[in-house]
Amino acid sequence: MAVARTRALVVEDDPAYARFLRIHLEASGYQVHHVDRGEAGLAALHDFAPEVVILDVVLPDMDGFEICRQIRQDSSVPIVMLTNRAAERHKVQGLMLGADDYVTKPFSAPELLARLTTILRRARRRDQASERPVEVGVLSIDVAGSRVYREGQPVPVTATEFKLLAVLAANPGRVLVNDDLLRRVWGPGYEGDGALLRTTIGRLRRKLGDVNGGPIHNVRGIGYTLDAGTSPATTS
């Protein structure tokens, strides 16, 4: 019986790097689909359904950062960005847009393969965890089914409210800063819109019966956390 190979989408317009990546990825058991344009890469997300994307920053038709942003609008597929740019601000830009890792050219095959192994292992653990409901006090958050229950009764929440709750639930006890929450839930460009975040948190708290002392805590001037146990020093 054939073993299913991990599908890797390579978006790279440099023929030498594209060949290098195909040779080493296929030798390591990956099924590789290569395109040399950003638009073709976005189309391959649906046609090829990759399990990991290796994305060059500089492409003839689109900026790799823009491709990363578009991918993250509706997909959590792991993304590794490739670039000649070693400047820290470029790495930060890619990571802030949702890339999982950033490799500067030139790089060795063992380095890239090791990074891919780590990223895929982390993504698979995340996917397995997302299949199990998250229990937070009297709340049960079914991430896979996009449903919330309070003491066994369904709680009607909007898609945005659920996405916000799911992000908090994926990081229990961790304070997520306001701009990080805004970017993860609404996307890049919403950073700084504290009113939008506060309003949505307020609606979600009321629906969850979490107005006074529930699991969603505000750390003044920093962000929010979902805490199933002892809460940090917070304000309501």
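Me: At what angle do helix α6 and helix α7 pack?
Reply: Axes are lines fitted to C-alpha atoms, for helices over the stretch in contact, and angles run from 0 to 180 degrees between N-to-C directions. Here α6 (residues 159-169) and α7 (residues 178-186) pack at about 130°, their axes 9 Å apart. That makes α6 oblique to α7; under 35 degrees counts as roughly parallel, over 145 as roughly antiparallel, 65 to 115 as roughly perpendicular and the rest as oblique. This is a predicted model, where local features need pLDDT of at least 70, side-chain atom pairs count only at pLDDT 80 or more, and totals for chains, interfaces and linings use all residues. Residues are numbered from 1 along each chain as its sequence is written, and side-chain values use heavy atoms, leaving out hydrogens and water.

Me: Which residues in α6 are buried?
Reply: Buried means under 20% relative accessible area (1.4 Å probe, protein chains only). In α6 they are E161, F162, L164, L165, A166, V167, L168 and A169. Eight of the 11 residues of α6 are buried, so this helix is largely enclosed by the rest of the structure.

Me: What is the order of the strands in the open sheet?
Reply: Strands of a sheet pair through backbone hydrogen bonds, either parallel or antiparallel. Two strands pair if DSSP finds at least two bridges between them. In this open sheet of five strands the order is β2-β1-β3-β4-β5, with parallel pairing. At the edges stand β2 (30-35) and β5 (101-104), each with a single partner strand, so one side of each has no neighbour in the sheet. Strand β4 (residues 79-83) pairs with β5 over four bridges, in the parallel sense.

How values were computed. Helices (H or I, at least four residues) and strands (E, at least two) are DSSP runs, numbered from the N terminus. Buried means under 20% relative accessible area, exposed over 50%, partly exposed in between (1.4 Å probe, protein chains only).
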